[in-house]
Amino acid sequence: MKIASVLENQKIEKRIAITPEIAKKYINLGFRVFLPKNYGTHLGFDDGEYKSLGVNLLDNDKNVIDNAD
């Protein structure tokens with residue numbers, strides 16, 4: 001199964017649904033995770049953390065949504 005998340009309006013909502021810790025749990029359960037590039041940078045999570053876990057980082061929200069189940 002493919003799981004994806006996109007950012008909310010960052011002026012209103014600063015939280016994210018998938019931190020690197022959560023991504024690791026999903027991947028260990030056999031899910032594929034898709035996020036837009038720079039998904040967690042505003043909270044101090046860089047793309048390298050996500051990539052090292054096996055998260056697929058895509059260029060834009062449309063590509064992320066198109067890859068979700």
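**Leucine 7 and its surroundings**

I looked up leucine 7 and found that it touches Ile16, Asn38, Tyr39 and His42, leaving out residues up to four places away in sequence. Contact means heavy atoms within 4.5 Å.

I noted the ground rules. This is a predicted model, where local features need pLDDT of at least 70, side-chain atom pairs count only at pLDDT 80 or more, and totals for chains, interfaces and linings use all residues. Residues are numbered from 1 along each chain as its sequence is written, and side-chain values use heavy atoms, with hydrogens and water left out.

Leucine 7 sits in the loop between S1 and H1. Helices (H or I, at least four residues) and strands (E, at least two) are DSSP runs, numbered from the N terminus.

**Strands**

I turned to strand S2 (residues 32-36). Four of its five residues are buried. S2 runs parallel to S1 (residues 2-4), joined by three bridges; strands pair if DSSP finds at least two bridges between them. Lysine 2 has arginine 32 as its bridge partner in S2. S2 also pairs in the parallel sense with S3 (residues 56-58), over three bridges. There, phenylalanine 34 has asparagine 56 as its bridge partner in S3.

**Valine 55**

Last, I checked valine 55. Its contacts are Ala23, Ile27, Val33, Leu35 and Tyr50, not counting residues up to four places away in sequence.

Terms used:
Buried means under 20% relative accessible area, exposed over 50%, partly exposed in between (1.4 Å probe, protein chains only).
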